[in-house]
Each structure stands twice: as C-alpha cells, then as structure tokens.
Amino acid sequence: MSALLLHPDDTILVVTTALAAGDRVAIDGASIRMAVPIEVGHKIARHALSTGDTVIKYGAPIGSMTAPAAPGDHVHLHNMKSDYIATHLRDTLERSTS
Amino acid sequence: MISAWGRADGRKGIRNVVAVAYLVECAHHVARRIVDKIDDPDVHLIGFPGCFPNSYADTVMKAIATHPNVGALVIVSLGCESFNREGLAAAVAASGRPVETLVIQQTGGTAATIAAGLEAVARVKAVADAGPRVPMAVSELIVGTICGGSDGTSGITANPAVGGVFDRLVAEGATCIFEETGELVGCENIMADRALTPELGAELIASVRKAEHYYTVLGFGSFAPGNAEGGLTTQEEKSMGAYSKSGSSLISGVVKPGDVPPSPGLYMLDVVPDGEPRFGFPNISDNAEIVELIACGAHLTLFTTGRGSVVGSAISPVIKICANPETARKLAGDMDVNAGRILDGEASLAEVSDEIYARMVTVAQGVRSVSEELGHREFILTYKQFDPVGPACLPRRGA
C-alpha cells in the first residue's frame with residue numbers, strides 16, 4: 001500500500017511510502033502516474049478537484065482548494081487553504097514585514 | 001499491580017521526586033546548580049521565571065509541588081520577587097510533605113545557598129524516601145496525552161493508537177486527559193457529540209471557539225512549519241489527527257490547569273487563557289502543555305510525534321510514541337514505541353495500542369521511560385489568566 005484511503009467520503013489519499021516521479025499508484029482501481037515526488041504523510045487527490053472544493057480527510061472537512069487538481073496530484077499549500085486560520089511557514093514573518 | 005508511593009491525601013504516586021523550585025529567574029542558576037551537583041534522577045528542577053505575581057502560576061506551582069509523584073520540595077527564592085513563597089511552603093507542608101525554603105538574600109548569596117541547598121535536599125529526600133509504599137491499580141492512574149512535531153502520519157498511526165489506549169483505560173475506570181483546544185479547531189462539533197451532557201457539549205464548543213479567537217488575534221495557529229513539511233496543510237487537518245488521541249469514549253468534563261478530574265473518565269483540558277489575549281501565546285511549546293497535564297494530576301504522559309520530538313518532563317514520565325517509520329529509524333534512541341510499523345505493514349493499530357498500554361504499565365511500575373533514561377527533565381511555566389470552570393464543565397462533580 002503506498003496511498004491510503006482513510007474514510008470512504010475522503011477526496012484525498014495519504015501517501016504511506018515515499019513516491020518518486022513516474023511511480024504508479026492505484027487509486028480506486030485506476031493506475032495513476034505521479035508527476036512529482038511525494039513524501040510520506042503527504043496527500044494526493046483521489047479524483048479531479050476544482051477551486052473552492054472542500055477537501056475531505058478522515059471523513060471531515062480539512063480546508064478548501066485554491067487551484068484545481070487532477071487525480072494523483074499533490075494536494076498541499078500550493079493548491080489548498082485552511083477555512084479557519086492561515087497556515088504559517090518559516091518565511092511568513094519575512095513576507096509579512098517586507 | 002503498581003507499587004506506588006502513598007501520600008497523606010490518599011493519592012498515589014509512581015515516582016518519588018524531590019522538586020527544587022526557583023521562584024524567579026534570578027534564583028534559577030542557584031537552583032540548577034543544586035540539582036546538577038546532586039545529579040540524582042529523582043531530584044528535578046522546576047520553576048517560574050517572572051517577578052510579577054500571577055495566580056495561575058501560583059495555582060500550577062502548588063498543584064505540581066503537591067502532585068502524587070512528588071515526595072518533597074526545596075524552594076529557592078531570591079528574596080524580593082512577588083511569588084508567595086510562604087503560601088507555597090504552607091501548601092506543601094499541609095499536604096504532609098517535607099519542605100525547606102532557601103532565600104538567597106538571607107542565606108548569603110550564590111555559593112552559600114548552593115551549599116545550603118545540597119544539605120536541604122539531602123534532609124527532605126531522606127524523609128521522602130522513607131515514605132510508605134502502597135499497591136496501586138492501573139485504573140487509579142491519571143494519564144495525559146499530547147502530540148508534538150506532528151506530520152501526516154501522526155493522525156493515522158500513533159494518535160489513533162493512543163486513542164485505543166485511552167478507550168481501554170476509560171473502560172477500566174482510569175482517568176484520561178487530552179488537551180490543546182487550539183489543535184481541536186475544526187473538530188468542535190464532532191467532539192461535542194461525545195459530551196456526557198448537552199451543556200458540556202456547549203462548553204467544549206465554546207472552549208474551541210475561544211482558542212480560535214485567541215490564535216487569530218495573535219496571528220498564528222497552533223501549527224509549526226515542520227507540520228507542513230510533514231504533509232499537513234491546514235490547522236483543521238492537524239486538529240483531526242490530534243483529536244484521534246482522545247479515542248471514542250464519552251467526554252466526562254472540561255478541566256483547566258490545576259484542576260484534578262473529580263472522578264474517573266475522559267476529560268478535555270482547556271489550556272487557552274480566558275478573557276482577551278494577554279501574556280502572549282497560550283502555550284509557547286509542548287512542555288508548557290505537559291506541565292499543565294501534570295498540574296491536573298497526570299502520573300504520566302503519552303507523547304506522539306511524527307517529525308520527532310525528543311523532550312521528556314520533570315515530575316511525571318513521558319512515553320514517546322513515534323508515528324512516522326522514517327523518523328522512528330532516524331531517532332530510534334528517543335522513542336519508546338514505534339507506531340510507524342503500522343505503515344510498514346508490520347503491526348496493526350490494535351497491536352500498537354497494546355504495546356503502548358504495556359509500556360505505560362511498565363513505566364508506572366518504575367521502569368524509566370526512554371526520555372527519563374536520557375535525562376530529559378524539561379519544565380516551562382509562564383504567565384496566564386483563567387476563570388474557574390463553570391458548573392456545566394463537570395456534570396459528574398459530587399456524584
């Protein structure tokens with residue numbers, strides 16, 4: 001198992017072994033080729049997601065899409081956001097004060 | 001069965017620690033030198049750095065100093081700070097424990113106070129070590145849980161495995177505490193459905209709303225850059241993973257730092273201060289939360305980590321459960337249990353829960369946890385402000 005479906009309602013899968021670009025992952029019976037390397041614990045789209053779609057993990061909403069994603073695409077900070085509190089990174093302070 | 005230390009108030013401890021407490025940063029060095037020179041795994045440094053008075057710090061320090069894992073206290077005061085050293089000493093003496101107070105300005109300075117402190121610790125430790133041993137069942141334990149350095153594996157391995165341990169402990173009549181309302185943002189409604197009463201459910205939702213407001217005002221959620229590097233994208237995603245540590249039992253109440261749960265069951269510790277934000281972030285790092293779990297009586301803490309935290313704690317043992325198989329390999333010497341084996345296909349969730357439970361019993365019986373063996377004795381206490389919990393928070397009180 002290299003990508004885990006945690007709940008039947010989920011729109012993403014959790015990667016459980018590090019994947020290289022070009023690796024193939026089975027998603028709902030289809031074999032999907034990874035466009036980029038994905039580390040353990042990161043999320044990939046279960047099916048096509050559109051901007052504004054609620055992202056479901058553990059059967060619960062964990063944020064919404066800010067850009068579209070195709071099945072197998074990495075779902076992370078570049079294409080989704082919190083519906084509560086903005087996520088900060090190490091350079092957040094630099095960016096907010098510059 | 002656990003061979004525990006019997007305390008005068010009827011509580012039972014799994015360790016017999018002599019705590020050396022500084023009451024202001026100005027006394028920290030003297031207290032630390034006393035502890036370092038003694039170099040005994042059961043003599044721990046605790047303290048409060050501030051010179052201004054704070055009722056929360058007073059409450060937590062008294063709760064820690066009279067915690068069942070503590071056998072005696074030596075207070076190190078500079079002399080002019082605000083902390084009520086007489087009140088602390090009186091509370092400890094009233095609990096039946098030996099206590100001595102050293103005031104640096106009266107004792108003659110650094111060297112004289114260190115020398116006096118070494119003698120004071122030896123005296124109180126001799127009394128504490130002669131204290132009675134009593135049998136203790138696992139169901140008499142208060143167990144806390146916390147996650148630190150979470151990543152995308154935490155919520156699928158270590159956290160639900162701890163949830164399984166909590167369900168078993170609650171079913172056996174033990175007391176379990178989960179915490180950090182800032183890491184329950186997004187889970188408030190499903191959590192409220194598990195409350196013993198609708199009024200308690202409303203309190204759980206209100207406490208998470210309070211946390212959301214507090215963190216929003218401060219400008220940062222309870223989410224570190226490493227969480228994102230580990231695959232977590234949002235606060236609510238981290239929350240869902242963290243929430244699974246609480247298991248699936250009914251929630252019996254909400255407590256605040258220093259409140260010992262009045263009866264067995266599962267409790268949520270509300271760690272976010274009341275009132276408008278002041279004094280800064282609710283908990284500046286994981287150990288501030290562990291200190292609050294201990295102030296609520298936690299005999300030990302189950303600590304899950306994905307990125308790889310190495311901390312332990314003064315007073316109560318910390319058991320480390322590693323969620324991520326890669327971290328478990330890199331930081332193998334810091335972990336008690338490798339829950340990452342679930343992702344490697346080497347163990348089931350239930351098997352890892354059983355392993356955590358067994359490790360917890362062994363540590364309660366006196367075997368030192370990995371962080372204890374490594375000498376981790378972290379302790380942080382800072383300024384906060386709390387109102388007492390309302391009647392809806394503890395529906396079983398007095399029952």
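Q: Leaving aside its neighbours within four places in sequence, which residues is B:F223 in contact with?
A: This is a predicted model, by the way. In it, B:F223 is in contact with A:T87 and A:H88 from chain A, plus B:Q235 and B:K238 from chain B, once you leave aside neighbours within four places in sequence.

Q: OK, and where is B:F223 placed in chain B?
A: B:F223 sits in the loop between α8 and α9 of chain B.

Q: Is B:F223 buried or exposed?
A: Buried: 27 other C-beta atoms lie within 10 Å of B:F223, and 20 or more is what it takes to count as buried.

Q: How far is B:F223 from B:L78?
A: Their C-alpha atoms are separated by 37 Å, and the two residues are 145 apart along the chain.

Q: Zooming out to the interface, how many residues of each chain are in contact?
A: On the chain B side there are 28 residues, and they are in contact with 27 residues of chain A.

Q: Which helices of chain B each supply at least two residues to that side?
A: α8 (198-218), α9 (225-229) and α10 (235-243) of chain B each do that. α10(B) gives the most, with four residues.

Q: And what's the make-up by class of the side of chain B that touches chain A?
A: It has ten nonpolar, 13 polar and five charged residues.

Q: Switching to chain B as a whole. How many helices and strands are there in chain B?
A: Chain B has 14 helices and 14 strands. Its radius of gyration is 20 Å, close to the 21 Å that the globule rule gives for 399 residues, so chain B is as compact as a globular protein of that length. Its C-alpha atoms fill a box of roughly 60 × 45 × 45 Å along the principal axes.

Q: What share of chain B counts as buried?
A: 60% of its 399 residues. On the contact side, if you take contacts in chain B with a separation of 6 or more, 76% are between residues 24 or more positions apart.

Q: Now α11. How many residues of helix α11 of chain B are buried?
A: Ten of the ten, across residues 286-295, so the helix is largely enclosed by the rest of the structure. Those buried residues include B:D286, B:E289 and B:E292, as well as B:I290, B:V291 and B:L293.

Q: What do the buried residues of α11(B) pack against?
A: One helix and several strands of chain B: α2 (55-65), then β8 (142-147), β9 (175-179), β11 (265-269), β12 (300-305) and β13 (318-322). Just after α11(B), B:G297 takes a positive phi of about 100°.

Q: Let's take the helix partner. At what angle do α2(B) and α11(B) pack?
A: At about 65°, with their axes 8 Å apart. The crossing is left-handed.

Q: Which residues meet there, in α2(B) and in α11(B)?
A: From α2(B) you have B:V60, B:A63 and B:I64, and they meet B:V291, B:E292, B:I294 and B:A295 in α11(B). By class the residues of that contact are six nonpolar, no polar and one charged.

Q: How many bridges join β1(B) to β7(B)?
A: Four bridges join that pair, and one of the partners is B:P135 in β7(B), which is bridged to B:S3. Strand β1 (residues 2-6) of chain B is joined to β2(B) by two bridges, and there B:W5 has B:G13 as its bridge partner.

Q: How many residues lie between β1(B) and β2(B) in their hairpin?
A: Five, and B:G10 in the turn has a positive phi of about 95°.

Definitions and conventions. Residues are numbered from 1 along each chain as its sequence is written. Chains are lettered from A and ligands numbered from 1 in the order in which they are written. This is a predicted model: local features need pLDDT of at least 70, side-chain atom pairs count only at pLDDT 80 or more; totals for chains, interfaces and linings use all residues. Two residues are in contact if their C-beta atoms, placed from the backbone, lie within 7 Å. Ala, Val, Leu, Ile, Met, Phe, Trp, Tyr, Cys and Pro count as nonpolar, Asp, Glu, Lys and Arg as charged, and the others, Gly among them, as polar. The radius of gyration is taken over C-alpha atoms; the globule rule is 2.2 Å times the number of residues to the power 0.38. A residue is buried if 20 or more other C-beta atoms lie within 10 Å of its own, exposed if 12 or fewer, and partly exposed in between; C-beta atoms are placed from the backbone. Two strands pair if DSSP finds at least two bridges between them. Axes are lines fitted to C-alpha atoms, for helices over the stretch in contact, and angles run from 0 to 180 degrees between N-to-C directions. A crossing is left-handed if the near helix is turned anticlockwise from the far one by less than a right angle, and right-handed if clockwise.
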